Amino acid sequence: MDWGKLKRWGLRGRVKRLTRRVRDLEDRAMGREDVQRLIAQSLLVPALDMPSLPADAPFLAHSTCTAADFQHPRYFQLCRYMHGRPQWHRKQWEWVFILHHLLEAGALRDGARAIGFGVGREPLPAVFAMAGVDVLATDAPDAIGMAGGWASAAQHSATLEDLRFPWIPDDLFERRVAFSTADMTAIDPALSGYDFTWSACCIEHLGSLRAGLDFVRESVETCLRPGGVAVHTTEFNLSSDESTIEEGGPTVIYRRSDLLAFAEEMRGRGHEVAPFSVGPNAHGLDFHVDLPPYLSDAHLRLRLADYSCTSAGLVIRKAA
């Protein structure tokens with residue numbers, strides 16, 4: 001293999017990573033079709049080294065994850081804000097979505113108070129602390145985290161140390177960030193008076209569509225001060241606005257009709273809800289669906305049960 005040509009073409013690193021991953025597949029005794037799928041997925045992924053959209057293009061113009069969001073200069077800026085590099089991954093998109101909308105709402109200011117739910121090992125508590133926010137980061141009790149498989153997948157936090165990152169000074173982290181467990185299906189009424197609240201893809205794990213939406217409502221009405229802001233992301237069904245996974249199992253999947261009806265419900269209770277819209281398919285990666293075991297470098301859409309899904313977000317301001 002001519003590594004010099006691959007380097008000049010900007011493909012050397014990707015081919016090396018692909019080679020390692022094919023070996024991993026061979027070690028796991030996966031079949032030829034799995035290897036071929038992995039190769040096709042890896043070759044599909046374009047470089048994400050520089051933004052390709054103009055700075056004045058709309059950013060996060062829709063409520064669902066689309067490839068165009070990753071190509072905007074603002075996406076690169078917010079990744080740097082989080083001390084990370086852009087990746088074609090919807091989990092990173094969720095963090096950017098939350099950060100962007102909180103910045104737009106003016107919520108990140110010195111002395112603000114925030115509460116996050118199901119924070120796992122995400123960087124947002126530390127990011128918000130760096131902005132001067134006092135953060136209570138919460139996650140499910142250990143038994144629930146283990147039951148959901150989150151702890152074994154390093155997606156569950158049990159102590160404050162799980163949320164520490166090397167780029168935040170220790171004294172600032174310890175002064176600004178606190179940790180507690182919290183049951184999202186029964187929020188403690190004492191958790192109130194916060195300026196903003198957030199969660200990243202947690203509400204779909206609460207047992208049913210209704211349970212997740214009840215949590216979002218309670219996070220607004222119990223946790224926030226008047227005028228406070230809530231930003232939550234969740235799984236979104238791209239395949240159907242009729243059938244979906246409504247309850248039981250490890251996850252449910254929200255439809256457009258579910259989220260539109262909930263937005264109207266919250267407006268009826270006096271709250272302000274940002275318009276919910278589904279982004280268009282305008283890039284090759286908008287048509288690419290990652291399949292289990294989710295090894296793709298392009299993880300914007302994935303297959304859950306019989307449905308193609310992506311991430312979607314809700315932004316709600318509590319009635320004044």
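Reply: Angles of 65 to 115 degrees between axes count as roughly perpendicular. The model discussed here is a predicted one.

Me: How many helices and strands are there in the protein?
Reply: The protein has 320 residues, of which 49% are buried. Its secondary structure consists of eleven helices and eight strands.

Me: How are α5 and α6 oriented to each other?
Reply: Helix α5 covers residues 73–81, and its axis lies 10 Å from that of α6. The two helices pack at an angle of about 95°. That angle falls within 65 to 115 degrees. The helices α5 and α6 are therefore roughly perpendicular.

Me: Which residues of α6 meet α5, and how many residues of the contact are nonpolar, polar and charged?
Reply: From α5, the residues Arg74, Tyr75, Leu78, Cys79 and Tyr81 take part. On the side of α6 they meet Gln92, Trp93, Val96, Leu99, His100 and Leu103. By class, the contact of α5 with α6 comprises eight nonpolar, two polar and one charged residues.

Me: Why is α6 described as largely enclosed by the rest of the structure?
Reply: A residue is buried when its relative accessible area is under 20%. Among the buried residues of α6 are Trp93, Val96, Phe97, Ile98 and Leu99. Helix α6 is largely enclosed because the buried residues number eleven of its 15.

Me: What distance separates the end C-alpha atoms of α6?
Reply: Helix α6 runs over residues 90–104, and at 1.5 Å a residue its 15 residues should span 21 Å.

Me: At what angle do the axes of α10 and α11 cross?
Reply: Helix α10 comprises residues 209–221 and helix α11 residues 256–268. Their crossing is right-handed. The contact includes Leu213 and Val216 of α10 together with Phe262 and Met266 of α11. The axes come within 12 Å and cross at roughly 35°.

Me: Which residues does Thr181 contact, leaving aside its neighbours within four places in sequence?
Reply: The C-alpha atom of Thr181 is 8.9 Å from that of Phe117, a residue 64 places away along the chain. With sequence neighbours within four places set aside, the contacts of Thr181 are Asp139, Ala140 and Pro141.

Methods
Residues numbered from 1 in each chain as written. Predicted model: local features only at pLDDT ≥ 70, side-chain atom pairs only at ≥ 80, totals over all residues. Heavy atoms only, no water. Helix = DSSP H or I, 4+ residues; strand = E, 2+ residues; numbered from the N terminus. Expected span 1.5 Å × (residues − 1). Buried < 20%, exposed > 50% of the residue type's maximum accessible area, 1.4 Å probe, protein only. Axes fitted to C-alpha atoms, helices over the stretch in contact; angles between N-to-C directions. Parallel < 35°, antiparallel > 145°, perpendicular 65-115°, else oblique. Contact = heavy atoms within 4.5 Å. Nonpolar A, V, L, I, M, F, W, Y, C, P; charged D, E, K, R; others polar. Left-handed = near helix turned anticlockwise from the far one by under 90°.
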